[in-house]
Amino acid sequence: MLKLAIIGCGKVSERMHLPAFASMPQVAIVALADISSKPLGAMGDLYGVSALYKDYKDMLKNEDIDAVCVNTPNYLHAKMTVDCCKAGKHVLVEKPCATSMPEVRRMKSAADDAGVSVMVEQVHRFMPFNEKAHEVIHSGFMGKVLGFRARVASAGPALWSPQGKWFFKKSQAFGGALADIGVHIVDTIRWVTGEEIARVQALTAKYGKRGDVEDNGLMTAETTRGVLGTIEASWTQSPGFFGYQVNCEKGVLEVVMGSGLKAYMAEPKGEIDFTLPAESRHGGAFGYFVDCVMNGRTPFVDIEEGGRSLAVIIAAYRSAATGRAVKVGA
Ligand SMILES: NC(=O)c1ccc[n+]([C@@H]2O[C@H](COP(=O)([O-])OP(=O)(O)OC[C@H]3O[C@@H](n4cnc5c(N)ncnc54)[C@H](O)[C@@H]3O)[C@@H](O)[C@H]2O)c1
């Protein structure tokens, strides 16, 4: 039995983590923490958890816990992850995994020193259409990757989490649409294509009046192999969109969330509609995390991997601020 605790009982815990973990017979949710009594009490009641903490550090001292989910505003991810590692707990930390590269390095050191795993909740890697796209590209069926165009768009976090005012504050979120959902599409493109983004040139815009972060961002990207692509993130689009095209030697692979996965082949000319499994091959991100912890495996989306996707977003912000192309990680 894996004894799990969650820090942050807001929307992502309510909608994703708690229902998923509560449905797993091999997991016991043993404690919850939140600075706010309302979501803490509500989630405790709903899932029958009586060990409730206003201060997560008390929870780490008091409870017998194997693993912790860090589901708090972005600026708290690094500190809380480091504290959990120091207490000997495995961690599933929400995306974006941190707000700076020094934070990522501190998280990595803390995990290594304690001998625990830190997995980043880049949940799109566990969606069947992305898993299949990864498999198709990596099988060599489409030939080499020559380019990509990708877009992720939503109506913004006000609908997702009405209480989550922090999403609009640079001091707590560190960025807007790019940091929040752009990091999903950057991570997906990196993983599916196997291309490492080396340089970006970006622009951001703010149409809405809330807060001090961008609600739209786009970047042109160049990979270490010289492949070019574009990546866009928007908080001002309804209905939303998640999709990308990967241009390859033998045709174009296209993913549109909700419509599945298609290949448009050049030679011989034709279309392929890939059949997708109903479930992730890993049992989803949560099932995979539990499996890694229980079987002593290192998650393939660890803090270094999550950190590489974050580094692209950080470079995009630097580029937007300076008007110049910026090397990722420089
Ligand atoms: N992987 C995904 O697809 C996905 C989806 C949505 C959100 N997220 C991420 O999940 C995280 C949380 O987002 P959310 O939508 O749940 O936000 P939210 O605002 O709904 O919830 C955040 C919770 O954290 C609590 N909190 C704040 N400071 C705290 C502290 N010091 N100690 C304990 N609790 C504290 C708040 O009281 C609140 O209940 C963010 O990093 C967000 O980017 C990821």
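Predicted model: local features only at pLDDT ≥ 70, side-chain atom pairs only at ≥ 80, totals over all residues.
Residues are numbered from 1 along each chain as its sequence is written. The domain assignment gives domain 1 (2-123 + 284-300) and domain 2 (124-279 + 310-327), with bounds that come from an automatic or database domain assignment. Both domains give residues to the shell around the ligand, so the ligand lies between them.

**Domains and their contact**

- The C-alpha centres of domain 1 and domain 2 are 26 Å apart, and 17 residues of domain 1 are in contact with 20 residues of domain 2, where contact requires C-beta atoms, placed from the backbone, within 7 Å of each other.
- On the side of domain 1 that touches domain 2, the elements that give two or more residues are α5 (101-114) and α10 (284-295), and α10 supplies the largest share, three residues; helices (H or I, at least four residues) and strands (E, at least two) are DSSP runs numbered from the N terminus.
- By class, that side of domain 1 has ten nonpolar, five polar and two charged residues, with Ala, Val, Leu, Ile, Met, Phe, Trp, Tyr, Cys and Pro counted as nonpolar, Asp, Glu, Lys and Arg as charged, and the others, Gly among them, as polar.

**Ligand shell**

- Of the 26 residues around the ligand, those that come nearest are Gly8, Gly10, Val12, Ser161 and Gly164; a residue is near a molecule if its C-beta atom, placed from the backbone, lies within 6 Å of it.
- The shell is made up of eleven nonpolar, nine polar and six charged residues.

**Helix α9 and its ends**

- Helix α9 (residues 177-193) has 17 residues and should span 24 Å at 1.5 Å a residue, which agrees with the 22 Å between its end C-alpha atoms; the expected span is 1.5 Å times one less than the number of residues.
- α9 bends by about 40 degrees at Val183, the bend being the angle between axes fitted to the seven residues ending there and the seven starting there.
- The helix is mostly covered, with 17 of its 17 residues buried; buried means 20 or more other C-beta atoms within 10 Å of a residue's own, exposed 12 or fewer, and partly exposed in between, with C-beta atoms placed from the backbone.
- Phe174, in the loop between α8 (170-173) and α9, has a positive phi near 75 degrees although it is not glycine, and it counts as buried because 24 C-beta neighbours lie inside 10 Å.
- Just after α9, Gly194 takes a positive phi of about 75 degrees.

**Buried loop residues**

- Ile65, in the loop between α3 (56-62) and β4 (67-70), is buried because 21 other C-beta atoms lie within 10 Å.
- Leaving aside neighbours within four places in sequence, Ile65 is in contact with Lys3, Ala5, Val30, Ala31 and Lys89.
- Val301, in the loop between α10 and α11 (303-322), counts as buried because it has 25 C-beta neighbours inside 10 Å.
- With the neighbours within four places in sequence left aside, the contacts of Val301 are Met119, Val120, Gln122, Arg125 and Gly306.

**Cis peptide bonds**

- Lys95 and Pro96 are joined by a cis peptide bond with omega about -15 degrees, and Pro96 is found in the loop between β5 (90-93) and α5.
- The peptide bond from Glu267 to Pro268 is cis, with omega near -5 degrees, and Pro268 is placed in the loop between β13 (260-265) and β14 (270-273).

Technical notes. Contact = placed C-beta atoms within 7 Å.
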